[in-house]
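Please read this report with the model open beside you. Follow each residue on screen as it comes up.

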Amino acid sequence: MSDCNVILKPKKEESLLRFHPWIFSGAIHAVEGNPQEGDVVEVYAADRRFLATGHYQIGSIAIRILSFSQTPIDDAFWAGRLRAAYTLRRAVGLAGGESGNTYRLVHGEGDNLPGLVIDIYAETAVMQAHSVGMHHARHQIAAALKTVLGEALQHIYYKSEATLPYKADTGKEDGYLLGGAGDEDMAMENGLRFYVDWQKGQKTGFFVDQRENRSLLERYARNRSVLNMFCYTGGFSFYAMRGGATVVHSVDSSAKAILMTKKNVELNFPGDPRHEAFAEDAFKYLEKAGNRYDLMILDPPAFAKHKNVLRNALQGYRKLNAAALSRIGRGGLLFTFSCSQVVSKEQFRLAVFSAAAQTGRQVSILHQLTQPADHPVNIYHPEGEYLKGLVLYVE
Ligand code: SAH
């Protein structure tokens, strides 16, 4: 046994034996050694059988599992996990590829590193801790990351102020753990370039998870007039332009996002008159949009971050999709998404179904979309599947 041990109640080890990486506080019988939030603890069954090692935390999820064997959480552990994550990205052609240098290297539970996210933009890694355990380990993780990526990695920016549960305890820690580029850099995805501002931007600076859905959009954009709603830094817009859209209008309520979108479109298509961008609220914009668009993208922020606001979130998706479906031109396409983890695929589809029924239009589902290979879902942790999308054809 280690310094800090957690003993589960009888029969509460079952989900762990199926490799689920969370232990809820209600499953705990006793805690030995007074662990503090973020400490590494060992977990034992009621009969004192060893089960797992994990990060202790205060809240309904009490432990996030790092390993199901009795290994020390040391430099070799971090390097091993990061190497496995890197090997997966190489196996699917995302790391070290010619046409792109943007990918998610670590996707929390999907890479057996609960509470940790690392996105790669060219020579910079942006690292985000969602647990105090990962926060405490950040320097060790940074060193292991450099070991695994070698010369390909020059900067590590740590950005966790908005994602850590106990901000007060950890203080203001955002900043470089390695190197120190300016506050933005250029990266590439499928041959298209864009600026990323990891310091001031949302999340790690770019929505890496929409890569393949943007590619699909590019295939359908030819001769269409496109409305990219909730455009953020313009990802879908520059793909639509390369795909041969006649018009691309980007809308986001954030003026900063609109500036970035304009800059990114200019970077790829200098002086192209097909693009315009508007800093406006989605609903207000849709109200006066008429039926001039025959391809629309709806990629709103998560409407529900917690289960208790689920009903409102589903209403929100229904209203938004109804507003778009009622206005889209005949023979139009709608790419509609939800990134709320607490909204299931079925619930989202039901919300879009209700929206379609409300408009009375004939609607078919052409594609059901999800997150790409660098956002893997741990098969023992289905909660990791969060991005849902539908491509609809509207007669
Ligand atoms: N599609 C984007 C990511 C969208 S993130 C991409 O591919 O990168 C969600 C965006 O919605 C954010 O940029 C946020 O500023 C914007 N947003 C939030 N509420 C909004 C509203 N009511 N109207 C318009 N945009 C909104």
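The model is predicted.

**Helix α11**

Start with α11, which runs over residues 345–359.

Which residues of α11 are buried? They are F348, A351, V352, A355 and A356. These residues lie on the same side of α11, because they cover an arc of only 140° around the axis. An α-helix has 3.6 residues a turn, so residues three or four places apart point the same way.

The face turned away from that buried side carries exposed residues. These are E346, L350, F353, A357 and Q358. Note that L350 and F353 are listed among the exposed residues here.

What do the buried residues of α11 pack against? One partner is a helix, α10 (310–327). The others are the strands β18 (332–338), β19 (363–369) and β20 (388–394). Just after α11 comes G360, with a positive phi of about 75°.

**The ligand site**

There are 15 residues around the ligand. R214, D252, D281, A282 and D299 come nearest.

| Residue | Ligand atom | Distance |
|---|---|---|
| Q202 | oxygen | 3.1 Å |
| D252 | oxygen | 2.7 Å |
| D281 | nitrogen | 2.8 Å |

On its own, the ligand has 580 Å² of accessible area, and the protein covers 87% of that.

**S67**

S67 lies in strand β6, residues 61–67. Is S67 buried or exposed? Its relative accessibility is 5%, and buried means under 20%, so S67 counts as buried. Its side chain reaches the backbone nitrogen of S69 at 3.0 Å. Beyond its neighbours within four places in sequence, S67 is in contact with A52, T53, F77 and R81.

**Q154**

Q154 lies in a loop, between α4 (138–149) and β10 (155–158). Its relative accessibility is 28%, so Q154 counts as partly exposed. The class runs between 20% and 50%.

Which backbone atom lies 2.8 Å from a polar atom of the Q154 side chain? It is the backbone oxygen of E151. Leaving aside neighbours within four places in sequence, Q154 is in contact with E123, K146, L178 and G179. Q154 and A122 are 32 residues apart along the chain, and their C-alpha atoms are separated by 9.2 Å.

**G175**

G175 is found in strand β11, residues 175–178. Its relative accessible area is 16%; the cut-off for buried is under 20%, so G175 is buried.

Which residues does G175 touch, not counting those up to four places away in sequence? They are I156, Y157 and Y158. The C-alpha atoms of G175 and S160 are separated by 9.4 Å, and the two residues are 15 residues apart along the chain.

Methods. Residues numbered from 1 in each chain as written. Predicted model: local features only at pLDDT ≥ 70, side-chain atom pairs only at ≥ 80, totals over all residues. Heavy atoms only, no water. Helix = DSSP H or I, 4+ residues; strand = E, 2+ residues; numbered from the N terminus. Expected span 1.5 Å × (residues − 1). Buried < 20%, exposed > 50% of the residue type's maximum accessible area, 1.4 Å probe, protein only. Arc of directions from axis to C-beta. Contact = heavy atoms within 4.5 Å. Near = heavy atom within 4 Å. Polar contact = N/O pair within 3.5 Å; in protein donor to acceptor, adjacent residues only side chain to side chain. Areas by Shrake-Rupley, 256 points an atom, 1.4 Å probe, with all protein chains shown as cover.
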